[in-house]
Amino acid sequence: MNAVLVGLLGAIVALAFAHGRVTPYDNYVLLASQMLHGHLWLDPVWPGPEIDAVLFEGHRYVVNDPVPALLIMPLVAFVGTNANQTLLAALLCGVACGAAWALLARLGVTNRVAVWLILFFLAGTDLLWCSMLGDVWFVAQTSAVAFMLLALCELAGKRRGWLVALWTALALGSRFTLVMALPVILWWVWAGFGEPAAQSAGPARRRNALGFVATLVPFFALWVAYNMARWHVPWDAGHTIFYHQDPFMGGPGSPFGLANVSTELYSFFVAPPRFHATFPFVEPMAFGTALWFTSPALLLALLAREPRRLVVSLWIATVLVAGPSLLYYANGGSQFGMRHALDFAPFLLALMGLAARSNLGVAWRVAQALIAWSAAVGVYGCWYWNTYIRHGML
């Protein structure tokens, strides 16, 4: 019940910050509408290049992964393209908050500590910022976070392989970068996610793993069919095609490369905001502000020690999922903070929970201060975006 209440509160907060916004970057509403009409392309409803739809063989296609379009399809079927994509983002924000609370509870985190961690996760990361805007790129991030947290929650609970696979598939269908975590998730399904004493016997392990793999098979079959219908290849070629058509940062070849790592590392860990002598004094950089300023409470994850196997595997999942973003040619575009960090934020939240359930002493007081700073900066970022960047779109 607490998880439901936390989820409702998270959705309400996101809706409050949205101020009734209807995003103009509503690719998923347009895609859902066209799917209902039997098409995968946007034209003739394509509103223009600002929504990042690529041109391929005479049609405009959404580059982003399709699950949010499927989620909003019932509303689109009822009200058409007047459906509010930002509403979907706020509801998914609520799901993420509720699932995060349940995950922390299953990891043994007390309610008092969990309140601090949920405050951080909602406002101290880009979760609230992405959810209040609801743009195509941002609702995909919120959706991926929500479903990956549901997968982790199941792993920390009954560990039913088919259900872990279902939540994971919905996360991958929102942000496919999470596919990098599949080996680790399969390991958790097989070997367990909690304390060693809680691990199940061999037959249960095999049953869970088989259910996980069997449930993912039709997802990947549909994924291949979806790509074949759009790009005529079994993999998602959309981002490569977009890179070739990007008039600002694009070019020939692949959008992924080692040459991009230094720029990405600078964006994630160095890029400062701009300070002014006049109000509002702090200007978030248009193309991202590093995590040291927006989310320093993530440092708490470094204090996680036990259970060792789970801690190590969570860090492996974090690094694997961060990999595609570190290799990509763009750091997320116009944004507050670094929204691509949301891809691996669920794993870091679990690490923070494992750390916080220990007796940290003075370190917990420092963590509370960092959480307060992160949340305050996150709220400021939302206010700044509403006031100076999107003031004409409220």
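Phe56 has His59 of strand 2 as its bridge partner. This is a predicted model, in which local features need pLDDT of at least 70, side-chain atom pairs count only at pLDDT 80 or more, and totals for chains, interfaces and linings use all residues. Residues are numbered from 1 along each chain as its sequence is written, and side-chain values use heavy atoms, with hydrogens and water left out.

Strand 1 covers residues 53-56 and strand 2 covers residues 59-62. The two run antiparallel and are joined by 4 bridges. Strands pair if DSSP finds at least two bridges between them. Helices (H or I, at least four residues) and strands (E, at least two) are DSSP runs, numbered from the N terminus. Another bridge links Leu55 to Arg60 in strand 2. The hairpin has 2 residues between the strands, and Glu57 takes a positive phi near 50 degrees there. In a regular strand the side chains alternate between the two faces of the sheet.

## Helix 8 against helix 10

Helix 8 spans residues 161-172. Its axis comes within 7 Å of the axis of helix 10, and the two cross at roughly 35 degrees. Axes here are lines fitted to C-alpha atoms, for helices over the stretch in contact, and angles run from 0 to 180 degrees between N-to-C directions. The crossing of helix 8 and helix 10 is right-handed. A crossing is right-handed if the near helix is turned clockwise from the far one by less than a right angle, and left-handed if anticlockwise.

Which residues of helix 8 and helix 10 meet? Helix 8 brings Gly161, Trp162, Val164, Ala165, Leu166, Thr168, Ala169 and Leu172. Helix 10 brings Asn208, Gly211, Phe212, Thr215, Leu216, Phe219 and Phe220. By class, this contact of helix 8 with helix 10 has 10 nonpolar, 5 polar and no charged residues. Ala, Val, Leu, Ile, Met, Phe, Trp, Tyr, Cys and Pro count as nonpolar, Asp, Glu, Lys and Arg as charged, and the others, Gly among them, as polar.

Asn208 sits in helix 10. With 12% relative accessibility, Asn208 counts as buried. Buried means under 20% relative accessible area, exposed over 50%, and partly exposed in between (1.4 Å probe, protein chains only). Asn208 and Gly161 are 47 residues apart along the chain, yet their C-alpha atoms are separated by 4.3 Å. Neighbours within four places in sequence aside, Asn208 is in contact with Arg159, Arg160, Gly161 and Val189. Contact means heavy atoms within 4.5 Å.

Ser174 lies in the loop between helix 8 and helix 9 (182-191). Is Ser174 buried or exposed? Its relative accessibility is 1%, so Ser174 counts as buried. Again leaving aside neighbours within four places in sequence, the contacts of Ser174 include Asp65, Val67, Pro68 and Phe147.

## Helix 5 against helix 15

Helix 5 (residues 111-124) and helix 15 (residues 345-356) have axes that come within 11 Å and cross at roughly 155 degrees. The two helices are therefore roughly antiparallel. Angles under 35 degrees count as roughly parallel, over 145 as roughly antiparallel, 65 to 115 as roughly perpendicular and the rest as oblique. Helix 5 passes helix 15 in a right-handed crossing.

On helix 5, the contact uses Val113, Leu117, Phe120 and Phe121. On helix 15, it uses Ala345, Pro346, Leu349, Met352, Gly353 and Ala356. These residues of helix 5 and helix 15 divide into 9 nonpolar, 1 polar and no charged.

Ala237 is in the loop between helix 10 (202-231) and helix 11 (238-245). Ala237 counts as buried, at 14% relative accessibility. Ala237 and Val189 are 48 residues apart in sequence and 30 Å apart in space, C-alpha to C-alpha.

In helix 11, the buried residues are Gly238, Ile241, Phe242 and Tyr243. They pack against strand 1 and helix 10.

## Backbone exceptions

Most residues other than glycine have a negative phi, and most peptide bonds are trans. The peptide bond from Asp43 to Pro44 is cis, with omega near 15 degrees. Pro44 is in the loop between helix 2 (27-36) and strand 1. The bond from Phe279 to Pro280 is also cis, with omega near 10 degrees. Pro280 falls in the loop between strand 3 (274-275) and strand 4 (282-283).

Phe281 is found in the loop between strand 3 and strand 4. Phe281 is not a glycine, but has a positive phi of about 75 degrees. At 42% relative accessibility, Phe281 counts as partly exposed. His19 lies in the loop between helix 1 (2-18) and helix 2. The phi of His19 is positive, near 55 degrees. His19 is partly exposed, with a relative accessible area of 48%.
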